[in-house]
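Morning, everyone. Please have a look at the model on the screen, and then I'll walk you through it.

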Amino acid sequence: MKKILVAMLLLLSMIVFAEKLTTDGKYNMDKLQGSWGNSPDDIITIRRNNNKWIIGTYVGDCEGVSNCKNGTAWNIIQKYKNNVFIVRNFYEIPSKKDKNLYFAYDTKYKKLVELDSQLNIIDKINKK
């Protein structure tokens with residue numbers, strides 16, 4: 001019983017103290033345009049192509065990867081809600097339940113932030 005109570009308190013504290021997204025009511029695509037990454041191996045690029053915004057991630061070998069050119073996989077960015085963008089079916093990890101990538105420009109941190117489906121900040125990504 002004590003273990004269940006401790007687990008419930010831990011879960012409640014994670015929900016209450018989760019870091020939320022801060023926006024100014026705009027999508028801020030002009031600020032998101034460019035290269036972002038916290039390490040040299042994990043760089044994403046956001047740019048405009050034929051009046052659509054796309055996101056590119058370095059994969060190295062394009063064999064078996066759809067929409068891949070010169071080692072970079074490109075996906076279309078769509079508007080989601082509350083000034084958040086979504087890339088559908090971004091993750092190909094079998095154990096990951098939600099395959100979508102949620103991200104936005106956070107005005108508090110002035111960075112690209114990766115979000116979960118409840119718009120809690122998972123990771124802050126620096127501009128390159």
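First, the ground rules. This is a predicted model, so local features need pLDDT of at least 70, side-chain atom pairs count only at pLDDT 80 or more, and totals for chains, interfaces and linings use all residues. Residues are numbered from 1 along each chain as its sequence is written, and side-chain values use heavy atoms, with hydrogens and water left out.

Now the strands. Helices (H or I, at least four residues) and strands (E, at least two) are DSSP runs, numbered from the N terminus. Two strands pair if DSSP finds at least two bridges between them.

Start with β1, residues 34-39. Five bridges join β1 to β2, and the two run antiparallel. A hairpin with two residues links them. Trp36 has Ile44 in β2 as its bridge partner. Next, β2 pairs with β3, again antiparallel, over six bridges. The β2 and β3 hairpin has two residues between its strands, and Asn50 takes a positive phi near 55 degrees.

Further along is an open sheet of five strands, in the order β6-β7-β8-β9-β10, with antiparallel pairing. Which strands stand at the edges? They are β6 (78-79) and β10 (121-125); each has a single partner strand, so one side of each is left without a neighbour in the sheet. Inside the sheet, β8 (101-106) and β9 (111-115) pair over five bridges. Tyr105 stands opposite Leu112 in β9.

On to the cores. A nonpolar core is a set of buried Ala, Val, Leu, Ile, Met, Phe, Trp, Tyr and Cys residues joined through side-chain atoms within 4.5 Å. Buried means under 20% relative accessible area, exposed over 50%, partly exposed in between (1.4 Å probe, protein chains only). The largest core has 17 residues, and Leu32, Trp36, Phe103 and Leu112 are among those with the most contacts inside it. Its largest share, three residues, comes from β8. A second, separate core has nine residues, including Ile86 and Val113.

Last, the charged pair. A salt bridge is a side-chain nitrogen of Lys or Arg within 4 Å of a carboxyl oxygen of Asp or Glu. How many salt bridges does that rule give? One. Lys124 pairs with Glu19, with the closest N and O atoms 3.8 Å apart. Lys124 is in β10 and Glu19 in the loop between α1 and α2, so the pair ties together parts 105 residues apart in sequence. Lys124 is partly exposed at 30%, and Glu19 is partly exposed at 29%.
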